[in-house]
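Trainee: I would like to learn how to read a few features of a structure. Please take them one at a time.

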Amino acid sequence: MSNAALGFPKSILNNYQEFNENDFGRVIEEHKERYVVQNELGSFSAEITGQLRFTATDRSSFPVVGDWVRMQIFDEDKALVHEVVHRERALTRQAVGRDAEVQYIASNIDTAFIVEAVNRDFNLNRMERYMTLCYDAGIHPVFILNKVDLISEDRLEEMKFEIENRLFGMDLICTSATSTEGMSKLKDTIEEAKTYCFLGSSGVGKSSLINVLFDDQLLATGAIGDGNDRGKHTTTSRSLHVLPSGGILIDNPGTREVGMVSDNDGLSTTYAYIEDIAEDCRFSNCTHVHEKGCAVIEAVNNEEISEEAYQNYLRLGREQAHFESTVAERRKKGKDLARVIKDVKRLKNR
C-alpha cells in the first residue's frame with residue numbers, strides 16, 4: 001500500500017528535509033501505548049521512545065490513531081516512534097472521570113460519520129453534541145440514520161423531519177447494513193486518500209456499515225444485548241483501514257460519555273441560528289438565561305427555537321465554561337507550585 005493511499009501529506013517532507021518518506025508512518029492501531037504503524041514498507045509493531053515519554057507534557061504528546069509519526073524501523077516488523085509530526089483536525093473529548101484532561105480520539109480526519117440507530121435511544125441532543133465536537137476540530141459532520149429496515153416508512157419520515165427541522169442544513173444518509181439501503185450513497189461520499197471516522201454509541205451498527213463498505217467481514221460484530229436494546233462493545237479499540245476504492249476509515253468503540261473540552265467556534269456553528277438571534281439581545285454579554293430583553297428567550301417563548309435545542313445549547317455552553325475554568329485553575333496551581341519550588345531552591349543555595 002502506498003503512502004499516498006494512506007493520506008501522506010507532502011508538507012511533512014518540507015519540515016523534515018533530512019528524512020525520506022519511509023521514515024514516517026501512519027498510526028493505524030493503538031493499544032495502551034503500543035501501536036501499529038504503517039507505511040508502504042509494511043505494518044510495524046511500535047512503541048514510543050524513552051525520550052518521547054520523558055519530554056511529553058501530557059497525554060496529547062503521545063500518538064493516536066490517524067497521526068503521522070517519525071519512526072525508526074529496527075527489525076522486520078518492529079519500530080520505535082520518535083515523535084508525532086502531523087496532527088490536524090483531531091477529535092477530542094473530556095477524559096472520562098478526569099477533570100480538565102483532554103482525551104484524543106483520532107486525528108487528521110476530514111469527515112465524521114455520526115451514526116444513530118432508529119431502533120434505540122434516538123437522541124437529537126447527542127447528535128448536536130457530536131456536531132459541536134466536529135466543528136471545534138474543523139471536521140465536516142455527516143449524519144447516518146442506520147437500521148432503517150427496522151421501522152416503517154412513516155416513522156422514518158417523522159425522524160427525518162425532526163432532524164431537518166432542528167439540525168439545519170446537515171447532510172443526512174439513511175442506511176441499513178442488512179438491506180444495503182443507502183449504502184451506494186454512503187460509498188459515493190467517500191473520496192480517495194480522505195480520512196473518515198465513525199462515531200456513535202455502542203450497538204448503532206458502525207462496524208456493520210464498515211463491513212459492507214469493504215464487501216467483507218472486516219470487523220467483528222455482535223448481537224444486541226438481550227432485553228435492553230443496547231449494543232455490545234464489538235469494537236474495543238480504534239483502528240484505521242483503507243478501502244479498496246481508496247478511502248480511509250477509522251472505526252471507534254462506542255462512546256457513552258462525550259464531554260465538551262473546547263470553547264472554539266463549534267458551539268456557535270452548531271447553533272448558528274441561535275447566535276444570529278442573540279445579536280438582537282439588549283445586552284452584549286447576555287447569558288440568555290434570565291435577562292430582560294433577551295431575544296433568545298423571546299424566540300423560545302414564541303416557539304421559534306425549540307425548548308430542547310435551547311436547553312441543550314445552554315448545557316453544552318456550561319460544560320465548556322466549566323472545563324475551561326478547571327483547566328485555568330489547574331494551570332494556576334501548577335505555576336504556584338513551580339514558584340514554591342523555585343523559592344525553596346533559592347533558600348537552599350544561600
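Trainee: Where is C294 found?

Mentor: In this predicted model, C294 is found in the loop between α8 and α9.

Trainee: Is C294 buried or exposed?

Mentor: The test is relative accessibility, and buried means under 20%. C294 counts as buried because its relative accessibility is 4%.

Trainee: Which residues does C294 touch, leaving out those up to four places away in sequence?

Mentor: C294 touches C281, C286 and H288. The UniProt annotation "binding site", from an unreviewed entry, covers C281, C286, H288 and C294.

Trainee: What can be said of C281?

Mentor: C281 is placed in the loop between α8 (272-278) and α9 (295-301). With 10% relative accessibility, C281 counts as buried. Residues up to four places away in sequence aside, C281 touches C286, H288, G293, C294, A295 and V296.

Trainee: Now helices. How does one read which side of a helix faces inward?

Mentor: An α-helix has 3.6 residues a turn, so residues three or four places apart point the same way. Take α4, residues 153-164, as the case. Its twelve residues reach 16 Å from the first C-alpha to the last, close to the 16 Å expected at 1.5 Å a residue.

Trainee: Which residues of α4 are buried?

Mentor: L156, M159 and I163 are buried in α4. Seen down the helix axis, the buried residues of α4 fall within an arc of 60 degrees, so they line one face. D154 and F161, on the other side of α4, are exposed.

Trainee: What do the buried residues of α4 pack against?

Mentor: They pack against α3 (124-137), β9 (140-146) and β10 (171-174).

Trainee: How many residues of β11 are buried?

Mentor: Five of the five residues of β11 (residues 195-199) are buried, so the strand is largely enclosed by the rest of the structure.

Trainee: Which strands pair with β11?

Mentor: One of them is β8, which pairs with β11 in the parallel sense over four bridges. Another is β13 (residues 248-251), joined to β11 by four bridges and running parallel to it. Two positions can be looked up on screen: A112 stands opposite C197 in β11, and Y196 stands opposite L249 in β13.

Trainee: Where is A112 found, and is it buried or exposed?

Mentor: A112 is found in strand β8, residues 111-117. A112 counts as buried because its relative accessibility is 0%. Apart from residues up to four places away in sequence, A112 touches C134, I139, H140, P141, V142, C197 and L199. The C-alpha atoms of A112 and F143 are separated by 8.3 Å, although the two residues are 31 residues apart along the chain.

Trainee: What is T49 in contact with, leaving aside its neighbours within four places in sequence?

Mentor: T49 is in contact with L80, V81 and H82.

Technical notes. Residues are numbered from 1 along each chain as its sequence is written. This is a predicted model: local features need pLDDT of at least 70, side-chain atom pairs count only at pLDDT 80 or more; totals for chains, interfaces and linings use all residues. Side-chain values use heavy atoms; hydrogens and water are left out. Contact means heavy atoms within 4.5 Å. UniProt positions are given in the numbering used here, feature names are shortened, and annotations may be inferred rather than shown by experiment. Buried means under 20% relative accessible area, exposed over 50%, partly exposed in between (1.4 Å probe, protein chains only). The expected span of a helix is 1.5 Å times one less than its number of residues. The arc is that of the directions from the helix axis to the C-beta atoms. Two strands pair if DSSP finds at least two bridges between them.
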